[in-house]
Amino acid sequence: MRHVNIIGTGSYTPDNTMSNDDIAKLVDTSDEWITSRTGIRERRISTKESTADMAYEAAKRAIKSAGITVDDIELIICATITPDYFMPSVACTVQGMLMAHKSAAFDLNAACTGFVYAMVTASQFIQSGMYNKVLVIGVDTISKILDWQDRSTCVLFGDGAGAAVLSASDIKRGIIASTLSSDGSKQSILYCEAIPLANPYIKYKEEPARPSIKMQGQEVFKFAVRSVTDTIKKVLTMGNLTEEDVKFLVSHQANRRIIDVVAKNSNIPIEKFYMNLERYGNTSSASIGIALDELVKTGDLKSGDIIILVGFGGGMTSGAIAIEW
Ligand code: ACO
């Protein structure tokens, strides 16, 4: 049996910090409203980095922490909803920047569940025997698809990238169980249009608006609480684990109140949920990767500890992975 271990992690966020007070200069909001409703105090907003730039930095750090070279990487999977180009994929651009010549590369889109989807996809390639080492990246420059006049969305998000290197192993550790789900019938509660139809048959009276995230906040909140609670329960059952077995949970970092309710509903102490949303806001496909990298760097994660990665996002999508560290 081939096991799949995480052998390295890395992350990158832009230097430029935007506080809640900074946002209150742009829209009618306040630090008090944002902090009490979400737990977010500040976020990083790119002033120069592209999506591929951030992905590349996070990838380099993950490869370094794994103690391998770029030539060991056989596949790069990049989860993003904010690529720099329709083509090439961000994964291909990063492959070129890394000079990881032996690697295949592709992007996937599962919105804020993207990192979990990419990890599960990577693990399937490893378990099947096709590849031994896969680089997974979650990255979003979400600031470029925000409407900076819409206070109901622009206060929530930030830019960044997280990465992990997954490796085949004979040692019985690593990914224990995983689950993914999608519900396309709910896409109207959270979406961002792409470019509109444009060809000689189409005439617009006005120039179409720049695409930006549209969200029914309370519907997303309800979906998040239900799907994250159910997904944690499912992955624990699949892994023959109990809530007590879990040392840490790394949830998608959208809102402190969502995580509080999930912890209560799941009977899992809130202290087990690693959180950094206060500093970065919701970094979409990147959030779980960044949080995992920070958790690893705390040194609190010991060999043999059980952790759960769990995400939810546009689609609507959700998913979780149980890992023995
Ligand atoms: N500042 C001040 N007031 C605001 C702001 C703001 N930034 N945004 C909304 N308001 C106002 C509203 O206009 C409304 O005013 P009204 O009562 O006069 O009409 C009032 O605050 C309450 O608005 P609600 O939408 O009811 O606020 P709620 O308590 O639901 O909190 C929030 C809104 C924080 C967005 C919450 O619904 C939430 O967190 N939802 C989940 C969102 C989420 O996680 N999205 C990311 C999904 S992941 C992905 O894939 C991208």
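Around the ligand there are 26 residues, and those that come nearest are Thr 29, Cys 112, Arg 151, Gln 218 and Asn 255; a residue is near a molecule if one of its heavy atoms lies within 4 Å of it. This is a predicted model, in which local features need pLDDT of at least 70 and side-chain atom pairs count only at pLDDT 80 or more, while totals for chains, interfaces and linings use all residues. Residues are numbered from 1 along each chain as its sequence is written, and side-chain values use heavy atoms, with hydrogens and water left out.

A polar backbone atom of Arg 151 is 2.9 Å from a nitrogen atom of the ligand. The side chain of Gln 218 has an N or O atom 2.6 Å from a ligand oxygen atom, and a polar side-chain atom of Asn 255 also lies 2.6 Å from an oxygen atom of the ligand. The ligand exposes 1,000 Å² when taken alone, and the protein buries 74% of that (accessible areas by the Shrake-Rupley method with a 1.4 Å probe).

Which elements give two or more residues to the shell around the ligand? They are α2 (31-38), α6 (151-154), α7 (217-238), α8 (256-266) and β12 (306-313). Helices here are DSSP runs of H or I with at least four residues, strands are runs of E with at least two, and both are numbered from the N terminus. With 4 residues, α7 gives the most to the shell. Both domain 1 (3-172) and domain 2 (176-324) supply at least three residues each; the domain bounds come from an automatic or database domain assignment. By type, the shell divides into 12 nonpolar, 10 polar and 4 charged residues, where Ala, Val, Leu, Ile, Met, Phe, Trp, Tyr, Cys and Pro count as nonpolar, Asp, Glu, Lys and Arg as charged, and the others, Gly among them, as polar.

Most residues other than glycine have a negative phi, and most peptide bonds are trans. Met 87 and Pro 88 are joined by a cis peptide bond, with omega about 0 degrees; Pro 88 is in the loop between β4 (75-79) and α4 (90-98). Another cis bond, again with omega about 0 degrees, joins Gly 315 and Met 316, and Met 316 lies in the loop between β12 and β13 (317-324).

Met 99, not a glycine, has a positive phi of about 60 degrees and lies in the loop between α4 and β5 (104-108). Asn 240 has a positive phi of about 55 degrees, and its place is in the loop between α7 and β11 (246-251).

Key: A polar contact is a pair of N or O atoms within 3.5 Å; within protein, one must be able to donate a hydrogen and the other to accept it, and residues adjacent in sequence count only if both atoms are side-chain atoms.
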